[in-house]
Amino acid sequence: MALLAAALAGGCASHAPGPGYYWQSVTGHLRLMAAARPIDAWLADPATPAALRPRLERVREMRAFAVTELGLPDNASYHRYADLGRRAAVFNVVAAPKYSLQLEQWCFPVAGCVTYRGYFDEAAARAFAASLPADLEVQVQPVPAYSTLGWTNWIGGDPVLNTFIHYPEGEVARLLFHELAHQVVYAADDTTFNESFATAVERLGGERWMATRASETARAEYATFDARRREFRALTRDIRRQLQTVYADPALDETQRQTRKTEVMTQLRERHASLRAKWGGWAGYDAWIAQANNASLASQGTYDEWVPAFLALHERSGGDWGRFYDAVRQLARQPKADRHAALRGLTPPSNER
């Protein structure tokens, strides 16, 4: 659920991308757009798989709900569908130093700096990841959807994709609301602000959709999945805090710091195993845990860090979506340091996120 706007914008960056990177970005997106057809056309086509039809119909309802109930943009995005024939829309490369949760950044003149680099081809993403300095911890992340911030609405907008259409209903709704939120507010050079804002919108919007539009069965499925997600994110949030303490401790030498880091990462795996047992053996996070490193932990943090502040701001806005979006726009216009200070002031003292 990341943005690919930076890749499409063009520019120069640290680990500077060459013409080939921009070519794959532009051509990859154009191929994606060309594969999309209006949802109405899919529904009218006798060849459309039976299992896909109710999903597309439900997405149409979610798209209307996003406008009427959440104040999200009423534009061309998510009125078309494309089957890409692959498991992800893009593959994002993220990287962080061995003893830091500060993600590497790639900077572009239009979209600013972002903490990932996206590829439409998985092999190309892995090749780039392998080319990064050996002292970085790197991960290639499959991403089910991305936003072009509304810049391509004039040629059809961002489409619904096979990479997420068969998710549980609550997750499809959350993803759509998340990506549309990126078209409301975008702050250059601040991935954490952008993703945390969109995550707050997806959480609030998803809960509202499930409470008012979903069946009892779908609500039960969502409640189970969301409870696991909250427990998992609480675990990884605590692990990030522990690692930050280890990395910032000037009293530790290299050997001590590595030993402490290993202990914290072992704790991550052990605590996840306990959660897995509590969940009846549900293995949804197993692959993530197996590959966990500074890059994946820090990347997840970009989606979590300011969510409590945005939730508090929404409440302070009286639950009025227009007022809330206006307040977020005002934050986005501030210098980054002032913006973060304001968000810290909004963050409740509770650790619950």
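Analyst: A crossing of two helices is called right-handed if the near helix is turned clockwise from the far one by less than a right angle, and left-handed if it is turned anticlockwise. In this predicted model, helix α4 passes helix α6 in a right-handed crossing, where helices are DSSP runs of H or I with at least four residues and strands are runs of E with at least two, both numbered from the N terminus. The model is a prediction in which local features need pLDDT of at least 70 and side-chain atom pairs count only at pLDDT 80 or more, while totals for chains, interfaces and linings use all residues. Residues are numbered from 1 along each chain as its sequence is written, and side-chain values use heavy atoms, leaving out hydrogens and water.

The axes of α4 (residues 53-68) and α6 (residues 169-181) come within 10 Å and cross at roughly 45°; axes here are lines fitted to C-alpha atoms, for helices over the stretch in contact, and angles run from 0 to 180 degrees between N-to-C directions. This angle makes α4 oblique to α6, since angles under 35 degrees count as roughly parallel, over 145 as roughly antiparallel, 65 to 115 as roughly perpendicular, and the rest as oblique. On the α4 side the contact (heavy atoms within 4.5 Å) is made by Arg55, Arg58, Val59, Met62, Arg63, Phe65 and Ala66, and on the α6 side by Glu169, Val172, Ala173, Leu176, Phe177 and Leu180. Of the residues in this contact, nine are nonpolar, none is polar and four are charged, with Ala, Val, Leu, Ile, Met, Phe, Trp, Tyr, Cys and Pro counted as nonpolar, Asp, Glu, Lys and Arg as charged, and the others, Gly among them, as polar.

Beyond α6, in the loop between α6 and α7 (191-213), is aspartate 189, whose phi is near 70°, a positive value in a residue other than glycine. With a relative accessibility of 33%, aspartate 189 counts as partly exposed, the class between buried (under 20% relative accessible area) and exposed (over 50%), computed with a 1.4 Å probe on protein chains only.

The model also holds an open sheet of three strands in the order β7-β4-β8, with antiparallel pairing; two strands pair if DSSP finds at least two bridges between them. The edges are taken by β7 (117-119) and β8 (136-143), each with a single partner strand, so one side of each has no neighbour in the sheet. From one strand to the next, the twist averages 25°. Strand β4 (residues 90-97) runs antiparallel to β8 and is joined to β8 by eight bridges. Within this pair, alanine 95 has valine 138 of β8 as its bridge partner, and valine 93 stands opposite valine 140 in β8. Helix α11 (residues 294-304) packs on the sheet and touches both β4 and β8, its direction making about 55° with that of β8. Strand β8 is mostly covered, with six of its eight residues buried.

Glutamine 291, which belongs to helix α10 (residues 286-291), touches Gln139 and Ser296, not counting residues up to four places away in sequence. Its relative accessibility of 47% means that glutamine 291 counts as partly exposed.
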